[in-house]
Amino acid sequence: MLLLFVSLHPQLQSRLHKLFQTSSTTPTSSHEEHQSIVEPFTAHYVFALGTTRFLSCADWILQVADEQLSRYVQTSNERKNASRGKFLASIGVHEIFRSETWKAAMTELAATASLVFTLTTSIIACLDSHETDPKLLVPFVVFIIAFLFLIVTVPLSGGHMSPVFTIIAALKGVVTLTRALIYMFAQCVGSIIGFFVLKCVMDPKLVHTYSLGGCTIGGNGVNSAITEYDALLLEISCTFLVLFLGVTLAFDKKRAKELGLPMVCMVVAGAMALAVFVSITVTGRPGYAGVGLNPARCLGPALLQGGSVWNGHWVFWVGSFLACIIYYVVSVNLPKEGSGIGDGEFDVVKLPQAS
C-alpha cells in the first residue's frame with residue numbers, strides 16, 4: 001500500500017531520488033577529502049623517518065670513527081712512550097738516580113786528582129834532576145804510577161781516570177752514555193783539583209819552567225818545532241797504541257781471566273809508558289811536552305796556568321777522540337775466535353753494578 005502510494009505520487013518520488021543520489025555520492029567525496037589530508041602527512045612522516053635514520057647512521061659512523069681515532073692516538077702515544085723509554089734506557093738515564101753511579105764517579109774524581117798530582121810531581125822531579133838524559137826516566141815513572149792506580153781503581157770504578165778509556169768503554173757498550181758523561185765530568189774536576197793542590201805547594205819557579213806540568217805545544221813562549229797538526233797526528237798514533245795494546249787485552253774476556261788483573265794492569269801501564277817514551281824521545285821537539293793521553297789531565301793546567309798552555313789545547317781532545325773512533329772501527333773487525341770480544345761486558349773493565 002505504501003509502495004503504491006509512493007510510486008503514484010510524483011513529488012515524493014522526486015525527493016526520494018535526490019535523497020538516494022546524495023547518499024550514494026557522500027562517501028566518495030569524504031574518501032577524497034580524507035585522502036587529500038593523509039597523503040601530505042604520510043610524505044612528511046616518511047621524510048622525517050628517513051632523516052632520523054640517516055642522522056642515526058651518521059652518528060654511529062662518527063662514534064666508530066672516534067673510537068678508531070682514540071685507539072690510534074692511544075697506540076701512537078704508547079709507541080712513542082715505549083720508544084722514548086727504550087732510548088732513555090739505552091743511554092742509561094736511570095743511572096743518574098743510582099747511588100752506585102755517583103760512588104763510582106767520586107772514585108774517578110779522587111783517583112784522577114791523586115794521579116795527576118803524583119804523576120806530575122814525579123815527572124817534574126825526573127826532568128829537574130841532574131841525570132844525563134832524564135827523559136829516559138819518565139816512562140818508568142809512568143809505568144809504576146799507572147800500574148799502582150789501575151790495580152786499585154779497576155775493581156772500584158773500572159779504573160778509567162781518563163776520558164780516553166771512558167769514551168772507548170762507552171763505544172764498546174761497557175758503560176752507558178750517561179755514566180760516561182758523569183765519569184768525564186768527574187775526571188775533569190779531579191784534574192783541576194789535583195793541579196790546584198800542586199800549584200799551591202810547588203815552587204813557583206818550577207811552575208813557570210814546566211808550565212805546571214801541562215800539555216804544551218810551544219810552552220813558555222818557545223816556538224815549538226812541531227806544528228799543531230803534527231802533534232795531532234802523534235796524539236792519535238800514541239793514543240791508538242795504548243788502546244790497541246792495553247784495551248784489546250782488557251776487553252778480551254778469556255785472556256784477561258787467564259792472565260789475571262795484575263798482569264792486565266801491567267800491560268795497560270806498559271802501553272802508556274811506551275807511548276810516553278815514543279812522544280818525548282825520537283819524536284820530541286823543543287816546547288812540546290809530549291803526548292797527553294788524557295785530555296782531562298791537560299785541562300787542569302790550561303785553566304789554572306793559562307797563557308801558552310792553551311796553545312793547541314784542542315789537539316789533545318780531538319786527537320784522543322779520533323783515536324778512540326779509529327780503534328773502535330779496527331776492534332770490531334778483529335778476529336773474534338778465541339777472543340771473546342763479542343761476549344758482552346768484560347770482567348776487567350766492567351763497572352760495579354747495583355744488584
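The expected span of a helix is 1.5 Å times one less than its number of residues. I begin there, with helix H10. Helix H10, residues 261-280, has 20 residues and reaches 29 Å from its first C-alpha to its last, close to the 28 Å expected at 1.5 Å a residue. Helices in this talk are DSSP runs of H or I with at least four residues, strands are runs of E with at least two, and both are numbered from the N terminus.

A word on the basis of what follows. The model is predicted, and local features need pLDDT of at least 70, side-chain atom pairs count only at pLDDT 80 or more, while totals for chains, interfaces and linings use all residues. Residues are numbered from 1 along each chain as its sequence is written, and side-chain values use heavy atoms, with hydrogens and water left out.

Let me turn to the chain as a whole. It has twelve helices and zero strands, so the pattern read along the sequence is α-α-α-α-α-α-α-α-α-α-α-α. Of its 355 residues, 39% count as buried; buried means under 20% relative accessible area, exposed means over 50%, and partly exposed lies in between, with a 1.4 Å probe and protein chains only. Among contacts (heavy atoms within 4.5 Å) between residues at least 6 apart in sequence, 76% join residues at least 24 apart.

To return to H10: its buried residues are Val264, Cys265, Val268, Ala269, Ala271, Met272, Ala273, Ala275, Val276, Ser279 and Ile280. What covers them includes helix H4 (138-157), H5, helix H8 (228-250) and helix H9 (253-259).

Next, helix H5. Seven of the nine residues of H5 are buried, so this helix is largely enclosed by the rest of the structure. The buried residues are Pro163, Val164, Phe165, Thr166, Ile167, Ile168 and Ala169. Their cover includes H6, H8, H10, H11 and helix H12 (313-331). After H5 comes glycine 173, with a positive phi near 80°.

How do H5 and H6 lie relative to each other? The axes of H5 (residues 163-171) and H6 (residues 177-201) come within 10 Å and cross at roughly 180°. Such axes are lines fitted to C-alpha atoms, for helices over the stretch in contact, and the angles run from 0 to 180 degrees between N-to-C directions. Angles under 35 degrees count as roughly parallel, over 145 as roughly antiparallel, 65 to 115 as roughly perpendicular, and the rest as oblique. H5 and H6 are therefore roughly antiparallel to each other. On the H5 side, the contact is made by Pro163, Thr166, Ile167 and Ala170, and on the H6 side by Ala180, Tyr183, Met184 and Gln187. By class, this contact of H5 with H6 has six nonpolar, two polar and no charged residues. In that classification Ala, Val, Leu, Ile, Met, Phe, Trp, Tyr, Cys and Pro are nonpolar, Asp, Glu, Lys and Arg are charged, and the others, Gly among them, are polar.

H6 also packs against helix H11 (residues 295-305), where the axes come within 8 Å and cross at roughly 50°. H6 and H11 are therefore oblique to each other. Their crossing is right-handed, a term for the near helix being turned clockwise from the far one by less than a right angle, with anticlockwise giving left-handed. H6 contributes Gln187, Cys188, Ser191, Ile192, Phe195, Phe196 and Lys199 to the contact, and the residues from H11 include Ala296, Arg297, Leu299 and Gly300. The class count for the contact of H6 with H11 is nine nonpolar, four polar and two charged residues.

I close with individual residues. Serine 211, in the loop between helix H7 (204-209) and H8, has a positive phi of about 50° although it is not a glycine. Serine 211 is buried, with a relative accessible area of 4%. Leucine 293, in the loop between H10 and H11, has a positive phi near 65° and is likewise a residue other than glycine. At 12% relative accessibility, leucine 293 counts as buried.

Is isoleucine 96 buried or exposed, or in between? At 35% relative accessibility, isoleucine 96 counts as partly exposed. Its place is the loop between helix H2 (10-90) and helix H3 (99-127). Leaving aside neighbours within four places in sequence, isoleucine 96 is in contact with Trp102 and Thr178.
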